[in-house]
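Please consult the sequence and the coordinates shown below alongside the text.

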Amino acid sequence: MPVDDRLSRREFIGRAAKAGACLLAAGAVAYSTHDPDGPAPAAAGPQASALPDFAVNAAGRRMCIARGEDRVRNLRAGLQGVGGIEAFVRRGDRVVLKVNAAFASPPMLSATTHPDVVYELARLCFAAGATSVVVTDNPINDPASCFALSGIGEAARRAGAELVLPEERLFRNMTVKDARLIRNWPVLLGALAGATRLIGVAPVKDHHRSGASMGMKNWYGLLGGRRNIFHQDIQTIIAELAAMVRPTLVVLDGTTTMMTNGPTGGSLADLKETRTLVVGTDQVAVDACGATLLGKTAADLPFIAKAEALGLGTADYRSLAPAEVSA
Amino acid sequence: MTIRTARRVSQIFFVLLLVWFCVAATLGDRFWQLRGWPVNWLLDLDPLAGLATLLATRTLYAGLLWGLATVALTVVLGRVFCGWVCPFGALHQFVGWLGRRRLRSKLRVEANRYRPAQRFKYYVLAAFLAAAALAPLGSGTLLIGLLDPLPLVQRSVSLVLLPLAERSGALALSPLPRFYDGAGLIAAVFATALALNLWVPRFYCRFVCPLGALLGLLGRYALWRIGRTGEGCTGCLKCERNCEGACRPTGRIQISECVMCVNCLDDCAHGAIAYRTRPSSEGESLLPDLRRRGFLLSAATGLVAAPTLRLGAATGPNWNPDLIRPPGALAEEDFLARCIKCGQCMRVCPTNVIHPAGFEGGLEGLWTPRLNFRIGTSGCQHTCIACGQLCPTAAIRPLSLAERRGLQSFAGRGPVRIGTAFVDRGRCLPWAMDTPCIVCQENCPVSPKAIFTREVFTPVRATAPATVARAEGSRIVLQGDTLVAGRFGTGDYHVLLPDGRRLRITANGPGWVETEPAPGPGTPAGSALAVQIRLQQPVVDPRHCIGCGVCEHECPVLGRRAIRVTAENESREPHHRMML
């Protein structure tokens with residue numbers, strides 16, 4: 001008996017309905033996602049336009065040059081000379097200490113901010129009533145190694161400060177107003193979130209390309225990305241960094257100065273006891289004073305004139321009548 | 001608790017221990033970081049790593065002595081290590097169980113039948129050991145790490161699974177998620193080995209594992225063993241349903257294949273199977289039926305392996321200069337006689353600069369450590385000695401900081417060099433592009449710096465002629481507006497005056513430049529303004545360069561770096577010496 005292998009009407013309609021639904025679904029997906037123009041050129045994403053102003057305007061422009069063998073006593077004397085830490089840090093302030101932890105190098109080689117200074121400064125901030133102190137930097141060498149070997153991580157922990165490592169999520173793109181170089185560039189803004197005070201704490205170091213690494217160059221550590229392309233115009237980037245940041249204070253520790261082989265150093269022979277620590281509100285003036293420790297003048301360092309021309313401070317630090325104390 | 005549950009607890013414990021050791025191999029002093037955790041312990045327990053390096057070097061290094069514990073365990077109790085300890089074995093067992101848990105009993109018994117091909121793993125072992133044994137004569141090599149299950153699983157977790165977990169955000173072991181060049185191949189081998197369990201359970205353990213073969217040989221005289229009691233058996237074959245080793249418990253049992261999973265003990269409802277000193281009532285085979293022909297063929301393969309691989313002269317005159325080994329690595333032939341490719345150095349490296357090699361070191365060098373300065377948070381930090389301290393076989397010798405840096409009693413020998421940096425003058429910005437840079441010089445970590453600079457003043461490319469009109473104060477005024485405003489004010493540009501004085505430009509407008517010091521007389525009207533750029537061109541001093549690669553890592557020419565380290569002048573190979 002021949003088998004009746006014809007499709008029944010019911011089956012045919014069912015099958016046709018399912019096929020139609022498939023076609024319809026495919027068509028709907030294709031239509032709703034169809035992009036006739038292709039991808040647009042990359043646009044600059046959302047970005048920050050300015051850092052908060054961390055300066056204490058009521059305090060005015062103050063500066064103190066403290067001299068002595070001991071960096072911690074220099075720091076205490078230097079802060080006293082600008083009116084005491086209480087003039088800058090009040091109860092409830094949230095302080096960020098931007099240290100220079102650039103290299104995985106022990107404190108005795110002075111390639112990084114000395115941990116004793118970090119500890120004492122953090123301690124004084126807490127004593128003045130700060131609710132939090134954050135210690136941060138985006139170093140050149142491996143960050144964890146840098147904070148460990150430089151002793152800064154341990155100093156921060158001991159003082160009860162929080163160490164913030166430069167994790168990727170903490171960077172946000174930023175364009176500094178009127179800047180030529182810092183445009184749409186990742187900056188470590190996450191570490192500054194919620195902060196009310198920012199203090200730069202830097203050593204004094206020889207730097208072959210720029211002439212010197214001091215307080216203004218210290219802000220380089222707030223940049224992310226392949227920031228070393230800025231070395232092609234190092235004097236301008238340092239001035240732009242100074243324009244980006246309006247700090248509460250800068251502390252420039254020249255108790256020991258790296259005279260040669262900077263900014264990495266690597267040998268005690270590169271160092272000189274210069275017995276000076278400068279504290280001030282005017283980062284241009286502080287760097288101009290620091291230049292003398294390297295046997296240079298402000299005129300030898302073009303970034304100082306550039307920063308001055310941007311109205312960020314004065315290269316003639318003597319005009320501020322800095323207090324000079326011995327500790 | 002049944003004995004099967006005890007076995008499962010033990011397996012889970014050792015898998016977690018492996019993961020924990022991989023996590024804890026992070027440089028640091030937090031509780032979960034490397035601060036005394038015995039992170040090499042599972043590798044040390046591997047008697048195959050011990051035996052193979054013993055054959056290859058005639059010594060048993062440090063912690064590898066732990067392998068004796070496994071040997072003792074196996075000689076007395078059989079392959080307990082495979083069934084209870086080996087984390088790779090546990091993973092195989094788990095995947096095999098996942099794939100077969102719904103299968104009918106008959107198919108499971110079929111999957112677990114003894115196969116003569118199980119002898120293949122003994123041939124693998126013979127080939128690897130034969131290759132290692134010739135190393136002291138200079139014509140052998142240690143390849144065991146390719147298939148030895150403990151290095152294999154350790155590197156797979158450290159270099160594939162942990163980085164994937166970091167990338168997913170589930171774990172944060174280092175500030176930046178880790179990269180491992182060549183991790184894909186490691187993952188492929190690991191995944192294939194696991195996937196094969198869906199075809200035959202414990203495929204790797206039964207057919208491939210050279211450690212299993214070694215333990216099979218050692219366990220042949222075990223005092224206690226699994227076997228039939230000779231009473232109560234109804235032939236239900238339940239004991240074979242879950243037999244991990246495929247050792248044929250119902251028949252003439254294959255003692256060397258039993259991995260002591262003890263499933264048969266629990267599964268037999270009739271008391272027909274026991275773990276005891278008396279031999280099985282159905283008889284025992286101590287070893288699979290090894291064929292003399294197969295054995296000789298595999299041993300011969302091992303014997304000619306290294307000489308054949310070295311026909312390419314990769315350890316001789318054709319050495320690859322791009323193969324930078326970690327500081328403390330032995331000379332290449334000695335290194336290859338020890339490295340078990342476990343990945344511990346790559347895991348612990350704080351800067352993520354050590355990577356598993358592909359074929360840069362030839363087939364022999366697969367998954368051995370190689371430095372890649374384009375990846376990682378920095379070059380190889382010269383204040384770090386972590387990799388050599390961790391290496392379980394001393395393929396990377398444990399250096400002291402003093403030896404690495406050439407201090408104290410090592411002052412005469414100088415620091416350990418892993419290579420030398422070379423400036424590519426065709427790509428370097430100050431050399432080739434008239435653009436200031438010297439990031440490499442800045443970051444060179446040794447003192448005195450191994451990179452110094454030569455100062456040159458080069459005329460800048462003029463787009464339009466600029467002619468001096470007059471000098472007034474600090475300013476030179478030009479005839480017409482021919483300059484791009486601001487272009488020369490960076491501090492790097494200078495004006496060369498006809499009288500030979502060179503003045504730094506501090507600012508410029510379209511029709512003027514200002515200089516420091518002021519131009520004064522000597523700037524005749526009508527003369528062409530000669531603008532020069534001051535360049536500091538980097539030069540490497542090979543007497544100070546240690547090859548750390550920080551310069552290469554930092555070089556802003558990101559693709560092919562303008563300064564690159566090659567293995568020239570590395571301390572470990574006297575015949576790679578470059579300098580007089």
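## Overall dimensions

The radius of gyration is taken over C-alpha atoms, and the globule rule used for comparison is 2.2 Å times the number of residues to the power 0.38. Chain A has a radius of gyration of 28 Å, whereas a compact globule of 327 residues would have one near 20 Å. The C-alpha trace of chain A spans about 120 × 45 × 40 Å along its principal axes; that of chain B spans about 120 × 50 × 40 Å.

## Basis and confidence

This is a predicted model, in which local features need pLDDT of at least 70 and side-chain atom pairs count only at pLDDT 80 or more, while totals for chains, interfaces and linings use all residues. Residues are numbered from 1 along each chain as its sequence is written, and chains are lettered from A and ligands numbered from 1 in the order in which they are written.

The pLDDT is the predictor's confidence in each residue, from 0 to 100. Chain B averages a pLDDT of 94, and 100% of its residues score at least 70. For the complex, the predictor gives an ipTM of 0.84 and a pTM of 0.90.

## Composition of the chains

Helices (H or I, at least four residues) and strands (E, at least two) are DSSP runs, numbered from the N terminus. Chain A contains 8 helices and 11 strands, and chain B contains 22 helices and 15 strands.

A residue is buried if 20 or more other C-beta atoms lie within 10 Å of its own, exposed if 12 or fewer, and partly exposed in between, with C-beta atoms placed from the backbone. By this criterion 54% of the 327 residues of chain A are buried, and 51% of the 580 residues of chain B. Two residues are in contact if their C-beta atoms, placed from the backbone, lie within 7 Å. Among contacts in chain A between residues at least 6 apart in sequence, 74% join residues at least 24 apart; in chain B, residues 24 or more positions apart account for 72% of the contacts with a separation of 6 or more.

At the interface, 32 residues of chain A are in contact with 34 residues of chain B. Helices α4 (143-149), α6 (234-244) and α8 (302-309) of chain A each supply at least two residues of the side that touches chain B. The greatest contribution to that side comes from α4(A), with 4 residues. By class, the side of chain A that touches chain B has 12 nonpolar residues (Ala, Val, Leu, Ile, Met, Phe, Trp, Tyr, Cys and Pro), 7 charged residues (Asp, Glu, Lys and Arg) and 13 polar residues (the others, Gly among them).

Helix α6(A) is mostly covered, with 11 of its 11 residues buried. Its buried residues, including Ile234(A), Glu240(A) and Met244(A), pack against α7 (283-293) and α8 of chain A.

## An antiparallel sheet in chain B

Chain B holds an open sheet of 7 strands in the order β8-β14-β11-β12-β13-β10-β9, with antiparallel pairing. Two strands pair if DSSP finds at least two bridges between them. The edge strands β8 (451-459) and β9 (468-472) of chain B each pair on one side only.

Within chain B, strand β10 (residues 475-478) and strand β13 (residues 512-516) run antiparallel and are joined by 3 bridges. Val477(B) stands opposite Trp512(B) in β13(B).

## Local backbone features

Most residues other than glycine have a negative phi, and most peptide bonds are trans. The peptide bond from Gly262(A) to Pro263(A) is cis, with omega near 0 degrees; Pro263(A) lies in the loop between β9 (249-258) and β10 (271-280) of chain A. The bond from Glu516(B) to Pro517(B) is also cis, with omega near -5 degrees, and Pro517(B) is in the loop between β13 and β14 (530-540) of chain B.

Arg248(B), in the loop between α13 (238-241) and β2 (253-254) of chain B, has a positive phi of about 65 degrees. Arg248(B) counts as buried because 20 other C-beta atoms lie within 10 Å. Lys341(B) has a positive phi near 60 degrees and is found in the loop between α16 (332-336) and α17 (344-348) of chain B. Lys341(B) is likewise buried, with 26 other C-beta atoms within 10 Å.
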